[in-house]
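Subject: Handing over a structure, with notes

Dear colleague,

I am passing a structure on to you, and I have written down what was found in it so that you can read the notes beside the model. Please look at the structure first and then go through the paragraphs below.

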Amino acid sequence: MIRYSGYLMPTTKETPSDAEVVSHRLMLRAGLIRKVASGIYNYLPAGLRVLRKVEGIIREEMDRAGAQEVLMPSVIPAELWKESGRWDAYGKELLRFRDRADREFCLGPTHEEVITDLVRREVRSYRQLPLNLYQIQDKFRDEIRPRFGLMRGREFFMKDAYSFDADEEGAAGSYQKMYDAYSRIFRRMGLAFRAVEADTGPIGGKSSHEFMVIADSGEDAIVSCGACEYSANVEKAECGPEGSVPAATPAPGPPRKVPTPGKRTIGEVSAFLGIAPGLFFKTLLFETDKGDVAVVLSGKHEVNEVKVKNRLGADWVKLAGEERVREITGAPSGYAGPVGLSARVLADHSVRGIASGATGANEKDAHLVDVVPGRDFLPESYADLRLVEEGDRCPRCSGPIRFSRGIEVGHVFRLGTKYSVALSATYLDAFGKEQPIVMGCYGIGVGRTAAAAIEQHHDDDGIVWPISIAPFEACVLPVNTKNDGLVKEAERVGEELSARGIEVLFDDRDERAGIKFKDADLVGIPLRVTFGEKNYEAGCAEIRDRKTGRTDRVEISEVVARVCTAAQEKKKECAP
């Protein structure tokens, strides 16, 4: 049992001005964290208790899945990152520095290189595989705009695991084990979540899933089917067959140039010419490490840059700036079109549905109409290059697509041999032949998961923790600390609850009852036992459920049993 009077948990009434989301506001107000610098926080005792509980659940499930815990350094030599090719490709989020001997290092944002280096030195034979190693450690990513407290910090705690197998079949089995372990982890934390298909991003690999905590405040859009199990984040979500583009009769003659003075956007040109946006060939120019590329899609859709990058197999893509647009098209932005364009042209599938349409003329204040794809311009290829939208159909079953918001708390990747080939991590198979190890990697943001739990579980009074990750399970609260008999009885109940395994915060502060009640609600302790003077004189106390708000008046002799039973019921809600 911990006494509040000596515990560092400084709650505040005021909402911090720089806190943009609920979890950030409540973690500061509840005395769980304090800011040190942009994106860097101190974890106060109660906040650290939450983190340790999250870590404990993760550790138990990783161990159950057969993974072994290790601990790797946070400072990584540049040589390893240069071997993998990520030293330059990772970007400015990688914090680089030199030591006193002028050797280059970085603070690890992730540890694929370090763990692969470890395994290539220790694993020689197929008999040593499969292998799964994990750590729970602080990471650093130099975010350009840290925000939302622990949701997007620069220094953060993360569980990262790495699997090593002899072949793709074994790697698929390891991936499924981690997928199942993650599902158990988040269920045990009492979180409503969904695993969605995702892009592999700078980590790379063949495929991945993000584990999203469902919350209206989530940064990420989730696409799911109302008829089947298909789910993906908006970057990865596939677009089903195009079926809603307006039809048009192919023009018999060549394209006609029409003046469009000062009209640059699809909306402006559509209104000016009286042509539906869906009958425009929207043309966007990209600069990439593969050269300049024009992407053409229906004017009613938006391009998906991640799909463009993946289609090209590029390390990076960015929309061309005004100067580069002029160099490629000879015209300002807003007048680009695929007809006669010298750059590579990729077309979205939506282009197939436009028999005859309009597009920029690559000339200021001019557009072309009666443009026919395949006749007037020939794309290098057709592909899914657009963002999924309301009204689209599921790419798996053609069912209705639904949108929701989520917070990414975990990510699992099938890496294949990307890192093992780059760093020469091999093993000898049963025939003595050298083979590359097949890898997977699996991350969970520890602090981010705690913050996501608050985003999903809160009300106007504060945090409503699931009991499995709450800093305390019960708060025992004597209203009048000057009544010795009442305080001693409350202490006895608190000690007995502690002896039975209930984590108790004993609020022995000399404060008004209202302040104590508000703090208990703000911090989000699942159960509160209140000893008021009238109830005490009647041999009773009150047990309040933080989640439901239900308050029961019970005899003091029954309090311990009732609290233990209530705690057990709450733990069942977090069963895997």
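Predicted model: local features only at pLDDT ≥ 70, side-chain atom pairs only at ≥ 80, totals over all residues.

Residues are numbered from 1 along each chain as its sequence is written, and side-chain values use heavy atoms, with hydrogens and water left out.

The C-alpha atoms of the chain fill a box of roughly 100 × 65 × 50 Å along the principal axes. The chain has 15 helices and 32 strands, where helices (H or I, at least four residues) and strands (E, at least two) are DSSP runs numbered from the N terminus. Of its 576 residues, 52% are buried, a word that stands for under 20% relative accessible area, with exposed meaning over 50% and partly exposed in between (1.4 Å probe, protein chains only). Among contacts (heavy atoms within 4.5 Å) with a separation of 6 or more, 70% are between residues 24 or more positions apart.

Val 21 sits in the loop between β1 (2-3) and α1 (22-29), and Val 21 counts as buried because its relative accessibility is 12%. Although Val 21 and Ser 217 are 196 residues apart in sequence, their C-alpha atoms are 7.6 Å apart in space. Beyond its neighbours within four places in sequence, Val 21 is in contact with Phe 148 and Glu 455. After α1 comes Gly 31, with a positive phi near 70°.

How do α2 and helix α6 (residues 168-188) cross? Their axes, which are lines fitted to C-alpha atoms over the stretch in contact, with angles from 0 to 180 degrees between N-to-C directions, come within 9 Å and cross at roughly 150°. The two helices are therefore roughly antiparallel, since angles over 145 degrees count as roughly antiparallel, under 35 as roughly parallel, 65 to 115 as roughly perpendicular and the rest as oblique. The residues that make the contact include Ile 58 and Met 62 of α2 and Tyr 182 and Ile 185 of α6. Leaving aside neighbours within four places in sequence, Tyr 182 is also in contact with residues including Phe 211, His 411 and Tyr 442.

The count of disulfides (a pair of cysteine sulfur atoms within 2.5 Å) comes to 0. The sulfur of Cys 106 is too far for a bond because the closest cysteine sulfur, in Cys 441, is 16 Å away. Cys 540 is likewise in no disulfide, with the nearest cysteine sulfur, that of Cys 564, 18 Å away. Cys 106 counts as buried at 0% relative accessibility, and Cys 540 counts as buried at 8%.
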